[in-house]
Amino acid sequence: MFKGILIVVVAGALISASAGPSVDFSKDVKPSLKTYCVSCHGSTDPKGQVDLSKYKTNADVKKAKKVWATALKEIEGKKMPPYGAKSLPNDVRAKLVSRLKTLLK
């Protein structure tokens with residue numbers, strides 16, 4: 001009996017590990033957006049008509065893959081935030097890029 005339970009636990013852990021890290025948009029992405037992006041891309045007169053403040057969940061991001069793929073490209077290419085705006089530290093940028101890539105899979 002103990003062997004059977006152990007096998008089930010180990011198998012479950014392996015499946016979870018192979019699924020990769022999970023990302024919670026509201027917890028793992030939104031705080032960085034709030035700090036570095038929504039002052040320009042918020043609900044009031046968003047630059048480029050891109051309002052990033054309206055997205056609340058992983059599902060919201062997946063529904064707007066084109067918007068987020070473009071945002072990812074701009075962030076990863078260091079085009080956003082633009083010169084003169086609050087700078088995005090390299091470690092924060094790397095985490096944000098990684099998390100967005102995970103969400104967009």
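Author: A disulfide is a covalent bond between the sulfur atoms of two cysteines. In a set of coordinates, a disulfide is taken to be a pair of cysteine sulfur atoms within 2.5 Å. Please keep in mind that this is a predicted model.

Reader: How many disulfides does that rule give here?

Author: The count comes to 0 disulfides. Cys 37 takes part in none, and the nearest cysteine sulfur, that of Cys 40, is 8.8 Å away.

Reader: Let us turn to the helices. Which residues of H2 are buried?

Author: They are Phe 25, Asp 28, Val 29, Ser 32, Leu 33 and Tyr 36. Seen down the axis of H2, these residues fall within an arc of 110°, so they line one face of the helix. On the other side of H2, Lys 27 and Lys 34 are exposed.

Reader: What do the buried residues of H2 pack against?

Author: They pack against H3, H4 and H5. As for its length, H2 has 12 residues and reaches 15 Å from its first C-alpha to its last, close to the 16 Å expected.

Reader: How does one describe H5 in the corresponding terms?

Author: Helix H5, residues 90-104, has 15 residues and spans 21 Å between its first and last C-alpha, close to the 21 Å expected. Its buried residues are Val 92, Arg 93, Leu 96, Val 97, Leu 100, Leu 103 and Leu 104. They cover an arc of only 130° around the axis, which puts them on the same side of H5. These buried residues pack against helices H2 (25-36), H3 (58-63) and H4 (65-76).

Reader: Which residues does Leu 104 touch, leaving aside those up to four places away in sequence?

Author: Leu 104, which lies in H5, touches Val 61, Lys 65, Trp 68, Ala 69 and Leu 72. Its relative accessible area is 16%, so it is buried. Leu 104 and Lys 65 are 39 residues apart along the chain, yet their C-alpha atoms are separated by 6.7 Å.

Note on methods:
Residues are numbered from 1 along each chain as its sequence is written. This is a predicted model: local features need pLDDT of at least 70, side-chain atom pairs count only at pLDDT 80 or more; totals for chains, interfaces and linings use all residues. Side-chain values use heavy atoms; hydrogens and water are left out. Helices (H or I, at least four residues) and strands (E, at least two) are DSSP runs, numbered from the N terminus. The expected span of a helix is 1.5 Å times one less than its number of residues. Buried means under 20% relative accessible area, exposed over 50%, partly exposed in between (1.4 Å probe, protein chains only). The arc is that of the directions from the helix axis to the C-beta atoms. Contact means heavy atoms within 4.5 Å.
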